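Subject: Structure for you to look at

Hello,

Here is the structure I promised to pass on. Please open it and keep it in view as you read the notes below.

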Amino acid sequence: MQRERENLSANGTSAFSNNRENFYSLELMKIELIPVLKIYYANLPFRHAEHYTPENRNKVQAASLKKAGFTADMQPYLSDTDLYRLVGLSDENLTRLVLDHIQKYRERAYEKSRTYPLLGGYVLRLDGRDQFFPQYNGDLSDIHFWKHLAAGRLTASNGQPVPGIHFEKDNVVFTFDEETEYYQPLEAESILKFSRSGLKFAVDGVYETLLVFQERIEQINIIENLDIKNIHELLIWGYQ
């Protein structure tokens, strides 16, 4: 299991509370947002076979990525997932991902408005524990969702399902209804509480990381002669 830390943390207030009664110091809690990419190809006939189990998923995923043209140096952020750290992706593998992602647009099969940012999003880590992961259809433009939360505003997230969210003074509170919603890849606490000020610090750090990533995307645009205007909006920020 690989859980390398981004240098995107801040002191904040946070608490976990459920039947297990997990409580942590509010003042010492660190809040991190770790940008990850979801990379998945349904290019092997046995990916959905009955014998496919979590135990062999990592091998299947590696074989799938190899067939898609990725190099063998890719390690998932968390074992048994399709999530990869944004900053750990080589230029070669990032180029492969970008070309595949925008293939329909380049073929003019899709309009630009139907080409969404790169899939993935942001892992919420509280005091060194991964607590909430990008959900289905999440993408890099969900940084706006986190930015608005830090400012005390509720906006839509592309990733679904979304936990119940409300504010208590200067804190953000997530509540998870596990009876009606299934959150992947880990079971979340029933309640997560963390400070808006700590989240803002983490968001600011992610913005710095995304600006560096934007430069890499723009270089691919030049080297591969894609000639896509504002490719960073297409693949990272979305059209606001």
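Tryptophan 146 is buried, at 3% relative accessible area. Keep in mind that this is a predicted model. Leaving out neighbours within four places in sequence, tryptophan 146 contacts Leu33, Tyr122, Leu124, Phe132, Phe174, Phe194, Leu199 and Val203.

Phenylalanine 174, on that list, is buried too, with a relative accessible area of 0%.

Aromatic pairs

The whole structure holds nine aromatic pairs. In one of them, the ring centres of tryptophan 146 and phenylalanine 174 sit 6.0 Å apart. Their planes are at 40 degrees, so this pair counts as tilted. Tryptophan 146 belongs to helix H4 (residues 143-150) and phenylalanine 174 to strand E8 (residues 171-175). The pair therefore ties together parts that are 28 residues apart in sequence.

Another pair is tyrosine 207 with tryptophan 237, and this one is stacked. The centres are 5.3 Å apart, with 25 degrees between the planes. Tyrosine 207 comes from helix H5 and tryptophan 237 from helix H6, so this pair ties together parts 30 residues apart in sequence. Both tyrosine 207 and tryptophan 237 are buried.

There is also a cluster. Ring pairs connect Phe132, Phe145, Trp146, Phe174, Phe176 and Phe194.

Cores

In soluble globular proteins, nonpolar side chains tend to be buried together. Here, the largest nonpolar core has 53 residues. Which of them touch the most other members? They are Ile39, Leu124, Trp146 and Phe174. Helix H5 (residues 196-223) is the top contributor to this core, giving nine residues. A separate core of seven residues lies apart from it, and its members include Tyr77, Leu83, Val123 and Phe133.

Helix H5

H5 runs for 28 residues. From first C-alpha to last it reaches 40 Å, close to the 40 Å expected at 1.5 Å a residue. Just after H5 comes asparagine 225, with a positive phi of about 55 degrees.

Helix H2 and asparagine 93

H2 spans residues 91-101 and includes asparagine 93. Its buried residues are Asn93, Leu94, Thr95, Leu97, Val98 and Leu99. What covers them? Strand E3 (29-38), helix H3 (103-106), H5 and helix H6 (231-237) are among the elements that do.

Is asparagine 93 buried or exposed? Its relative accessibility is 1%, and the cut-off for buried is under 20%, so asparagine 93 counts as buried. What does its side chain reach? It reaches the backbone nitrogen of threonine 71, at 2.9 Å. A polar contact of 3.1 Å also links the side chains of asparagine 93 and aspartate 73. Not counting residues up to four places away in sequence, asparagine 93 touches Phe70, Thr71, Asp73 and Met74.

Arginine 85

Arginine 85 is in strand E4 (residues 83-85). At 12% relative accessible area, arginine 85 is buried as well. Arginine 85 and valine 123 are 38 residues apart along the chain, and their C-alpha atoms are separated by 9.9 Å. Valine 123 is one of the residues of the seven-residue core.

Best wishes

Definitions and conventions
Residues are numbered from 1 along each chain as its sequence is written. This is a predicted model: local features need pLDDT of at least 70, side-chain atom pairs count only at pLDDT 80 or more; totals for chains, interfaces and linings use all residues. Side-chain values use heavy atoms; hydrogens and water are left out. A nonpolar core is a set of buried Ala, Val, Leu, Ile, Met, Phe, Trp, Tyr and Cys residues joined through side-chain atoms within 4.5 Å. Buried means under 20% relative accessible area, exposed over 50%, partly exposed in between (1.4 Å probe, protein chains only). Helices (H or I, at least four residues) and strands (E, at least two) are DSSP runs, numbered from the N terminus. Contact means heavy atoms within 4.5 Å. The expected span of a helix is 1.5 Å times one less than its number of residues. A polar contact is a pair of N or O atoms within 3.5 Å; within protein, one must be able to donate a hydrogen and the other to accept it, and residues adjacent in sequence count only if both atoms are side-chain atoms. Rings of Phe, Tyr and Trp (its six-membered ring) pair if their centres lie within 6.5 Å; planes under 30 degrees apart count as stacked, over 60 as edge-to-face and the rest as tilted.
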